[in-house]
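Keep the viewer open while you read, and take the points in order.

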Amino acid sequence: MRVFLSHSRENSAAASRLAQALKQNQIEVLMSPQTAPKDEGWRQATEREIGQAGAFLFLIGPGLESDREQQFEWLTALQGDPGRSKTMIPVLVGDVHLPPFLRDRIPLHLDTISPDFLGLIGRIKHLLQYPFEVVDPESYERGRKAQKEGLEEVKRFALALKAAQVSLPRDRHVER
Amino acid sequence: MGATPPYERSVFINCPYDPGFAELFHAIVFTVIAFGFVPRSARESEGEAETRIDRISETLAQCKYSIHDLSRFTGEGTGNLARFNMPLELGIAIALRYERRGTGRPHNWRVMIPRGYTYQRFVSDLAGFDPRMHDLTVPSVIGAVASWLDLQEDVPSPVPSARRVLESFPGFLAQIANIRHDALDELAWPSIVLAAYRTAPRL
């Protein structure tokens, strides 16, 4: 299986070492290019690599909020997998929070000072084989309840608007 | 106007309202609701006494998030005029983001445009902001909205997949068609929102 390894520029070194360890364990790794290929831009090259991946490893470290490239990788990965059928495994570097779209996942950890690549690779291989084990049932349940609450908020607001009789007569006539 | 929904759950939708875009507008609204957010729009306050731009600014200011579709960037009609309302509202959202930085009440916006890189010619200031691309189809619009919302801090993760949202969309459209039929071709904003609430996929 081809695995796309997403990482921030700040974690490039850790990502390279992890990619090397994965390759040594017969896992094909795809990554965004360090520099844009001559015949296409960085974004097109990244989209192509992500499109070829069957699973994703998200290396999450400090400074990701300001990393536009990693945000682009996430958006592209999510938009390219509308059925959420591909395995998504978060790997945390240091004391960081999971990004929202991975909150229902049980993260793996990479200690950059004394990394246990053997243990980490073993866990990744296992999760690629049994992808449901990466989902945290408690977080999933919390998400389900939050979605339900959100939908009830939608209903309350729409009913309040309706009660206030705020409406637009005919939407077919609206131009902006 | 009714009770204001929570700021963190409110998404302002700024997009064309013309009949040619109606299905895509409904796709945006439906996806926002399926993800547990409350869609806000200029349409919700039509008929109120304030000027339109005041009403829009006020509604936008009540939202933590906003989605701006710039599909209608070309000139239209005999005068070959472009519509400036959507870029204007995008400008308000960008100003909100900067004004509120570090205030604990941030604003996050996203631009959507038709696929291609033409935007770098008609709105080059957005270069580097990675607008979400779609190809003016329902699946691509749902995918673009879903992938962006999925990254937002207040999304109730997990959420239904974009594919599930797409699969539920015909049910929403059928309800809208019934409402429109029963109301002799009128379609009020609260009715659209309620139809989406009823038909949105649940986890």
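This is a predicted model: local features need pLDDT of at least 70, side-chain atom pairs count only at pLDDT 80 or more; totals for chains, interfaces and linings use all residues.

1. Strand 3 of chain A (residues 55-60) runs parallel to strand 4 and is joined to it by 6 bridges; here A:Leu59 stands opposite A:Val91. Strand 5 of chain A (residues 108-110) also pairs with strand 4 in the parallel sense, over 3 bridges, and A:Val93 faces A:Leu110 across that pairing.

2. A:Ile60 belongs to strand 3 of chain A and deserves a click of its own. Is A:Ile60 buried or exposed? Its relative accessibility is 0%, so A:Ile60 counts as buried. Beyond its neighbours within four places in sequence, A:Ile60 is in contact with A:Val91, A:Leu92 and A:Val93, and also with A:Asn11, A:Trp74, A:Val96, A:His97, A:Pro99 and A:Leu102. For a sense of scale, the C-alpha atoms of A:Ile60 and A:Gln71 lie 11 Å apart, with the two residues 11 apart in sequence.

3. Now zoom out to the two chains. Chain A and chain B bury about 5,100 Å² between them, and 58% of that is on carbon and sulfur atoms. In chain B, the residues losing the most area to chain A are B:Leu151, B:Tyr197 and B:Leu203, which together make up 13% of what that side buries. The contact draws 71 residues from chain B and 48 residues from chain A.

4. How many salt bridges does the rule find across the interface of chain B and chain A? It finds 1: A:Arg84 with B:Asp150, whose closest N and O atoms are 2.4 Å apart. Across the interface there are also 13 residue pairs in polar contact, both at pLDDT 80 or more.

5. Finally, consider which parts of chain B touch chain A. Several elements each supply at least two residues, among them helix 1 (22-34), helix 3 (85-99) and strand 5 (132-134) of chain B. Helix 7 of chain B gives the most, with 6 residues. By class, this side of chain B has 37 nonpolar, 13 polar and 21 charged residues.

Terms used
Residues are numbered from 1 along each chain as its sequence is written. Chains are lettered from A and ligands numbered from 1 in the order in which they are written. Side-chain values use heavy atoms; hydrogens and water are left out. Two strands pair if DSSP finds at least two bridges between them. Helices (H or I, at least four residues) and strands (E, at least two) are DSSP runs, numbered from the N terminus. Contact means heavy atoms within 4.5 Å. Buried area is the accessible area (1.4 Å probe) that two parts lose on being put together, summed over both. A salt bridge is a side-chain nitrogen of Lys or Arg within 4 Å of a carboxyl oxygen of Asp or Glu. A polar contact is a pair of N or O atoms within 3.5 Å; within protein, one must be able to donate a hydrogen and the other to accept it, and residues adjacent in sequence count only if both atoms are side-chain atoms. Ala, Val, Leu, Ile, Met, Phe, Trp, Tyr, Cys and Pro count as nonpolar, Asp, Glu, Lys and Arg as charged, and the others, Gly among them, as polar. Buried means under 20% relative accessible area, exposed over 50%, partly exposed in between (1.4 Å probe, protein chains only).
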